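Welcome! Here is a short briefing for anyone meeting this structure for the first time. Take a look at the sequence and the model, then read on.

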Amino acid sequence: DALLASCRLNLRKSFGFSQGAKWHERQRSGKLPKKWRIPSVYSTEVTKELPKNADKVGALRRCDGPLGTACFVTGTFGFVAAGHVVDMLVKDKLPKPRRS
């Protein structure tokens with residue numbers, strides 16, 4: 001996805017994160033890439049397919065409906081992420097990025 005690719009590029013350019021081996025190189029060597037250890041908020045829920053006869057413009061089931069994306073889901077992720085940042089600030093455990 002384009003947002004993730006842009007984020008990775010920025011982390012590599014500005015903060016010196018490693019490029020890592022290409023997919024086919026990892027397959028040959030059997031080594032896993034080094035983890036970046038960046039805290040994140042995400043969902044492990046699998047995307048569900050709509051039934052073929054479902055309403056194609058249902059606002060809460062599709063992003064292209066009249067209401068767009070379900071903002072309460074996006075907002076919840078934002079509040080959870082903000083809560084983690086505040087928690088790290090209070091505990092003085094907010095990592096400081098190093099520029100390359």
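Is W36 buried, exposed or partly exposed? W36 counts as partly exposed, because its relative accessible area is 24%, and the scale calls a residue buried under 20%, exposed over 50% and partly exposed in between, using a 1.4 Å probe and protein chains only. Please keep in mind that this is a predicted model, where local features need pLDDT of at least 70 and side-chain atom pairs count only at pLDDT 80 or more, while totals for chains, interfaces and linings use all residues. Residues are numbered from 1 along each chain as its sequence is written, and side-chain values use heavy atoms, with hydrogens and water left out.

**Overall fold and confidence**
- The protein chain has three helices and zero strands, where helices (H or I, at least four residues) and strands (E, at least two) are DSSP runs numbered from the N terminus.
- Along the sequence, the pattern reads α-α-α.
- Of the 100 residues of the protein chain, 5% count as buried.
- The mean pLDDT (the predictor's confidence in each residue, from 0 to 100) is 77 for the protein chain, and 73% of its residues reach 70 or more.
- Confidence is lowest in α2, with a mean of 77, and highest in α3, at 90.
- Where pLDDT is low, the predicted coordinates should not be read in detail.

**The helices and what follows them**
- Helix α1 covers residues 2–15, and its 14 residues should span 20 Å at 1.5 Å a residue; the end C-alpha atoms are 19 Å apart, which agrees.
- The expected span is 1.5 Å times one less than the number of residues in the helix.
- For α3, the 20 residues should span 28 Å, and its end C-alpha atoms are 28 Å apart, so the two agree.
- Just after α1, G16 takes a positive phi of about 75°, and just after α3, D92 takes a positive phi of about 55°.

**The aromatic pair**
- The structure holds one aromatic pair, meaning rings of Phe, Tyr and Trp (its six-membered ring) with centres within 6.5 Å.
- F17 and W36 form this pair, which is tilted, at 4.7 Å centre to centre and 50° between the planes; planes under 30 degrees apart count as stacked, over 60 as edge-to-face and the rest as tilted.
- The pair links distant parts of the chain, 19 residues apart: F17 sits in the loop between α1 and α2 (23–29), and W36 in the loop between α2 and α3 (71–90).
- F17 is partly exposed, because its relative accessible area is 24%.
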